[in-house]
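Please read them alongside the sequence and the coordinates.

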Amino acid sequence: MYADSSDKQPKIAVKDLNKAFKAAKGQRLPVIDGLDFEVGEGQFVAIVGPSGCGKSTLMNILAGFEKPDSGAVLIDGQPHPGPSPQGIVISQYGSVFPWLTVQQNLMFGLSEKHGSDKAALADHYAAMVGLKGFENAYPHELSGGMLKRVELARAFIVKPEILYLDEPFSALDALMNLRMRNELLRILTEEKHTVLLITHDVDEALYMADHILVLSPRPTRIQARFELNMPHPRRLISPEMDQLREAILKELGLEMPA
Amino acid sequence: MNSRLAKILPPLAVIALVIGVWWWVVVRSESPIFPTPWQVVTGTLELAEDGTLWEHITASLMRVGIGFGLAMGVGIPLGLWMGWVTGAYRTFNPIFQMLRPISPIAWIPLAILWFGVGDVAPIFLIFMASVFPLIVQTTSGVHTIDRRYLRAAANFGVSRGVLFRRVVIPAVLPEIIVGMRVGVGVAWLVVVAAEMIALRSGLGYLIMDSRNAGNRYDLVIAAMIIIGVIGLMLDGITRLLEKLKTVRWRYVR
């Protein structure tokens, strides 16, 4: 997988990215300090970093909502076109429109090119994420886990080439978090996408990603890279996983007792 | 006792108490002018029978309807524009903030000067009274739209039209309804005040006319109570808008 992506053009190429915020008294607070990485077509890459290291800023730049101070984000070798349905963001806060029904939310991103029967397409995707029967419900009538499903379906329905997941399940309870990981992996076997996951949850990355990049504390840069050539579904408890987890946590500054 | 009754009973008891005390005081003081509650009831029936009561009510409601309708037609689009376009906000907000605290009553002399003693003057006053709450609420509604929704809309690459129809307007709708409640409230306050000074019909006119034409304080109080009841109903009608399915999200959780 990694081998054939290296001779093709990477889906996402991040080149010497820098970003600083304006701090008090005209000072500049560097947040991202020379970030370099590539994501191949169809890969699932997780970026793990300590909290406050600039993960959300990085995600905003990758999705096109913010501009870097220097460096570039290339999509298919082209400069980032700004926010577009080519890459859909799913964040921990969620952005399901509360004034639209589930079906209307799913139809939101659909345009003329998606055919005439948008409602049927929306219902198909609602069923795919297990929301059959809730098409006409309003978001405030749904649980947190169901809202996440709406958000996933709303993203998948526009067939984005890239999914940007910004701690997507961290607002859910632990059990629902685990369920949604499986749900996401199940959908990804049906619909192939390039996925970039940003998280502080090492196990989430270990469970889903093909590559894991570890960020340093702010100003952040890539501190370590790990590759996981393991099939799904994965066991999070195995000697191999334990070793990887320990290595990643060590990079994050957490030494396990021997 | 069921819970519905438990809710209704205490306010009814208060109203009954007020009427009781009023009655008792009037009887005890043997006031020659101040009416008992029963005299107010008979006075109201008298007005209702000869039809003048309905004329006054419809006159006042019509003025509020036109003035408030115009205020919505101007205030909501203006508020959306000022909320969306920073330059428009910077340009117009200061003057609106300066005009807003001027009581609509203060405009009465100018209204009479410009429009004479007719229907236009009170409609103008109602417009002036209710347009500012609508502008202010709508503008702040746009300003407080959660950024994640605007980002999601940008992410899905929707057109400006869809952005406005499907995101901005529904997001602001609850604030617009608040503006409407405030606006309709002040509009009703102002129509009565304006009619007391300038006109030949309306509930405000009824109050002044009843006093001037033979100290009919029973009719003064009848008009006051009717004004209160209609004000309550107007608020109730605008509150019904809060029950709309598309704005329920704002009032739950």
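1. A residue is taken as buried here if 20 or more other C-beta atoms lie within 10 Å of its own. The model is a predicted one, and the points below should be read with that in mind.

2. Is B:Thr139 buried or exposed? B:Thr139 has 26 C-beta neighbours inside 10 Å and therefore counts as buried. The residue is found in helix 6 of chain B, which comprises residues 120–143. Leaving aside residues up to four places away in sequence, B:Thr139 touches B:Gly79, B:Met82, B:Gly83 and B:Tyr89. B:Gly236, by comparison, is 97 residues from B:Thr139 in sequence, and the two C-alpha atoms are 24 Å apart in space.

3. Turning to chain A as a whole, there are 8 helices and 10 strands. Its radius of gyration is 19 Å, close to the 18 Å that the globule rule gives for 258 residues, so chain A is as compact as a globular protein of that length. The C-alpha trace of chain A spans about 50 × 45 × 40 Å along its principal axes, and 40% of the 258 residues count as buried. Among contacts in chain A with a separation of 6 or more, 70% are accounted for by residues 24 or more positions apart.

4. The division of chain A gives domain 1, made up of 1–79 + 180–258, and domain 2, covering 87–159. Their C-alpha centres lie 26 Å apart, and 6 residues of domain 1 of chain A are in contact with 8 residues of domain 2 of chain A. On the domain 1 side, helix 6 of chain A (residues 174–190) gives the most, with 4 residues; by class, that side has 4 nonpolar, no polar and 2 charged residues.

5. An open sheet in chain A is formed by 4 strands in the order 2-1-4-5, with antiparallel pairing. Its edge strands, each pairing on one side only, are strand 2 (28–39) and strand 5 (78–79) of chain A. Strand 5 of chain A pairs in the antiparallel sense with strand 4 of chain A (residues 70–75) over 2 bridges, and A:Ile75 stands opposite A:Gln78 in strand 5 of chain A.

6. Finally, the interface between the chains: 17 residues of chain A are in contact with 18 residues of chain B. The side of chain A that touches chain B has, by class, 13 nonpolar, 4 polar and no charged residues.

Key: Residues are numbered from 1 along each chain as its sequence is written. Chains are lettered from A and ligands numbered from 1 in the order in which they are written. This is a predicted model: local features need pLDDT of at least 70, side-chain atom pairs count only at pLDDT 80 or more; totals for chains, interfaces and linings use all residues. Two residues are in contact if their C-beta atoms, placed from the backbone, lie within 7 Å. Ala, Val, Leu, Ile, Met, Phe, Trp, Tyr, Cys and Pro count as nonpolar, Asp, Glu, Lys and Arg as charged, and the others, Gly among them, as polar. Two strands pair if DSSP finds at least two bridges between them. Domain bounds come from an automatic or database domain assignment. A residue is buried if 20 or more other C-beta atoms lie within 10 Å of its own, exposed if 12 or fewer, and partly exposed in between; C-beta atoms are placed from the backbone. The radius of gyration is taken over C-alpha atoms; the globule rule is 2.2 Å times the number of residues to the power 0.38.
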